[in-house]
Amino acid sequence: MAVSLWKSLLQTTKSRLFLQRGVSLYNGAHGFEEEEIKEKLQQFGGGSINLSKEDNGIGVLTLNNPKLMNAFTGTMMLELQERVTELENWKDGKGLIIHGAENTFCSGSDLNAVRAMSSPQDGMNMCMFMQNTLTRLKRLPLISVALVQGKALGGGAEFTTACDFRLMTPGSEIRFVHKQMGLVPGWGGAARLVQIVGSGAALKLLSGALKVDPERAVHLGLAEETLPSSDENRSLEEAQAWLNQYTKAPAEVIQAVKKVVTAGRELQLEAALQAEKDIFGTVWGGPANLQALAQSTKHK
């Protein structure tokens, strides 16, 4: 009886923690020195992470460092964390499109920062910092899409896996080049890649540092489809149109849908069921539910 009660309490705790905003994977108990790594990242400036939020509930996050193929500088990593916090608190948000400036996605980390933080402890702290941020990005109550224009290399390839979906433009590519740097993914990209394409395909992509073009990405299930245009502005419009078909509902409903799917993916069954129950309670009898009942829209 005591064991059963303990398991039930543990599952309830997990489901409640999961629903909290801004919960990170790592803290001081894991040896994560967040303030120390923030101070070091602040020393490597350049580029920006820009966020625009539209009235229709769709946000556009732009990785903006075109001189370095939108590689992440230290300050960009810090700005990404700030933008994720902002998105976690966007009550009217439904969806998010992430793309790179000037028609290329992202080439990973700025090598200047990488060279300066080459100690094992600095590497581990940066790894934990980015895993925290990208896990929170993945868990956002928004339907997220990585719009891959040009190249998504290394950490850029990892970044695409932190989105719910990936759309690619003609001539674009995703490539996990970590092996060529004597590394493995450290921003959570390997674990997420296995979830997306399976362990066999993930092993091939990582060990071969294989170039994945749009056709192959769709075949593997890594991308949803190839958009018609390779023009930067037009492909962004096409991505917005693609996303709009999944965001035609009030924000509280879309966010609830994303939350129950995330719970099903990340929690054990009992905890996921409890989370689903709690999320269900936030929309049952709500404005959208009552309006639908009044209009009898279920079977239309």
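**Sheets, helix packing and salt bridges**

In this predicted model, an open sheet is formed by 6 strands in the order β1-β2-β3-β4-β6-β9, and the pairing within this sheet is mixed. Its edge strands are β1 (48-53) and β9 (225-226), each of which pairs on one side only. Strand β1 pairs with strand β2 (residues 58-64) in the antiparallel sense, over 6 bridges, and within this pair I49 stands opposite L63 of β2.

A further open sheet, also of mixed pairing, consists of 3 strands in the order β5-β7-β8. Strands β5 (151-153) and β8 (211-212) stand at the edges, each with a single partner strand, so one side of each has no neighbour in the sheet. The pairing of β5 with strand β7 (residues 173-175) is parallel and extends over 3 bridges, with A152 having I174 in β7 as its bridge partner.

Two packed helices are described by the angle between their axes and the distance between the axes. Helix α2 (residues 34-41) packs against helix α3 (residues 74-88) at an angle of about 130 degrees, the axes being 8 Å apart, which makes α2 oblique to α3. On the α2 side the contact is made by E34, K38 and L41, and on the α3 side by G74, T75, M77, L78 and Q81; these residues divide into 3 nonpolar, 3 polar and 2 charged. T75, which is found in helix α3, has a relative accessible area of 12% and is therefore buried, since buried means under 20%. When residues up to four places away in sequence are not counted, T75 touches L41, Q42, F44, G45 and G46.

The count of salt bridges comes to 13. In one of them, K40 is joined to E36, with the closest N and O atoms 3.8 Å apart; both residues lie in helix α2, 4 residues apart, which is about one turn of the helix. K40 is partly exposed at 25% relative accessibility, and E36 is likewise partly exposed, at 33%.

A salt bridge also links R83 with E82, where the closest N and O atoms are 3.7 Å apart; R83 is buried, with a relative accessible area of 18%, whereas E82 is partly exposed, at 45%. The side chains of R139 and E266 meet in a salt bridge at 2.7 Å, N to O. Because R139 lies in the loop between α5 (120-138) and β4 (143-148) and E266 in helix α11 (residues 251-266), the pair ties together parts that are 127 residues apart in sequence. R139 is partly exposed, with a relative accessible area of 28%, and E266 is partly exposed at 31%. Salt bridges that share partners join K53, E82, R83 and E86 into one network.

Key:
Residues are numbered from 1 along each chain as its sequence is written. This is a predicted model: local features need pLDDT of at least 70, side-chain atom pairs count only at pLDDT 80 or more; totals for chains, interfaces and linings use all residues. Side-chain values use heavy atoms; hydrogens and water are left out. Two strands pair if DSSP finds at least two bridges between them. Helices (H or I, at least four residues) and strands (E, at least two) are DSSP runs, numbered from the N terminus. Axes are lines fitted to C-alpha atoms, for helices over the stretch in contact, and angles run from 0 to 180 degrees between N-to-C directions. Angles under 35 degrees count as roughly parallel, over 145 as roughly antiparallel, 65 to 115 as roughly perpendicular and the rest as oblique. Contact means heavy atoms within 4.5 Å. Ala, Val, Leu, Ile, Met, Phe, Trp, Tyr, Cys and Pro count as nonpolar, Asp, Glu, Lys and Arg as charged, and the others, Gly among them, as polar. Buried means under 20% relative accessible area, exposed over 50%, partly exposed in between (1.4 Å probe, protein chains only). A salt bridge is a side-chain nitrogen of Lys or Arg within 4 Å of a carboxyl oxygen of Asp or Glu.
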